[in-house]
Amino acid sequence: SKVDCMVWIVTWLAVTLLGLDLGLGVGVGFSLLTIVLRTQFPTSTLLGQLPDCEIYRDCKDSQVNEISGVKIFRLNMPLCYTNCDAFKTALHKRTGLDPVGVLARRRKAERARRKA
């Protein structure tokens with residue numbers, strides 16, 4: 001991957017310019033920085049089905065058909081406590097759903113049903 005290549009290049013340059021001990025320390029530090037950045041800014045996609053098969057791809061592709069009534073959301077990173085806010089934001093943005101509004105409509109419908 002491009003990120004792994006950058007880690008390798010930064011480590012190689014640091015070892016070449018600073019020596020083995022400091023260079024490896026810079027490489028480890030840069031590697032940890034890339035891990036933190038990847039977990040804080042994960043990528044996400046909405047998936048759709050390719051025609052006449054069971055393969056799902058990104059909806060940005062022109063050949064993909066979105067399934068009516070179903071949203072398939074994919075986070076391209078493990079979900080953990082460090083990126084849960086990014087997950088929620090991406091989920092709301094990609095699907096167009098507002099969970100607060102859905103909950104409010106549900107409660108309003110329940111109240112109307114209880115009164116009737």
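What is the mean pLDDT of the protein, and what share of its residues reach 70 or more? This is a predicted model, so I start there, because where pLDDT is low, the predicted coordinates should not be read in detail. The mean is 86, and 100% of the residues reach 70 or more. Confidence is highest in helix α1, residues 2-18, at a mean of 94. It is lowest in strand β2, residues 56-58, at 83.

Next, the helix pair. Two packed helices are described by the angle between their axes and the distance between the axes. For α1 and α2 the angle is about 155 degrees, and the axes are 7 Å apart. Angles over 145 degrees count as roughly antiparallel, so α1 is roughly antiparallel to α2. Their crossing is right-handed.

Which residues meet between the two helices? On the α1 side they include V3, V7, V10, A14 and L18. On the α2 side, L20, L24, G27, F30 and T34 are among them.

Take T34 as an example. T34 sits in helix α2, which covers residues 20-40. Leaving out residues up to four places away in sequence, T34 touches V3 and V7. Is T34 buried or exposed? The relative accessibility of T34 is 11%, and buried means under 20%, so T34 counts as buried.

Last, the cysteines. The structure holds 0 disulfides. C59 is in none, and the nearest cysteine sulfur, that of C53, is 14 Å away. C59 is partly exposed, at 26% relative accessibility. C5 is also partly exposed, with a relative accessible area of 40%.

Notes: Residues are numbered from 1 along each chain as its sequence is written. This is a predicted model: local features need pLDDT of at least 70, side-chain atom pairs count only at pLDDT 80 or more; totals for chains, interfaces and linings use all residues. Side-chain values use heavy atoms; hydrogens and water are left out. Helices (H or I, at least four residues) and strands (E, at least two) are DSSP runs, numbered from the N terminus. Buried means under 20% relative accessible area, exposed over 50%, partly exposed in between (1.4 Å probe, protein chains only). Contact means heavy atoms within 4.5 Å. A disulfide is a pair of cysteine sulfur atoms within 2.5 Å. pLDDT is the predictor's confidence in each residue, from 0 to 100. Axes are lines fitted to C-alpha atoms, for helices over the stretch in contact, and angles run from 0 to 180 degrees between N-to-C directions. Angles under 35 degrees count as roughly parallel, over 145 as roughly antiparallel, 65 to 115 as roughly perpendicular and the rest as oblique. A crossing is left-handed if the near helix is turned anticlockwise from the far one by less than a right angle, and right-handed if clockwise.
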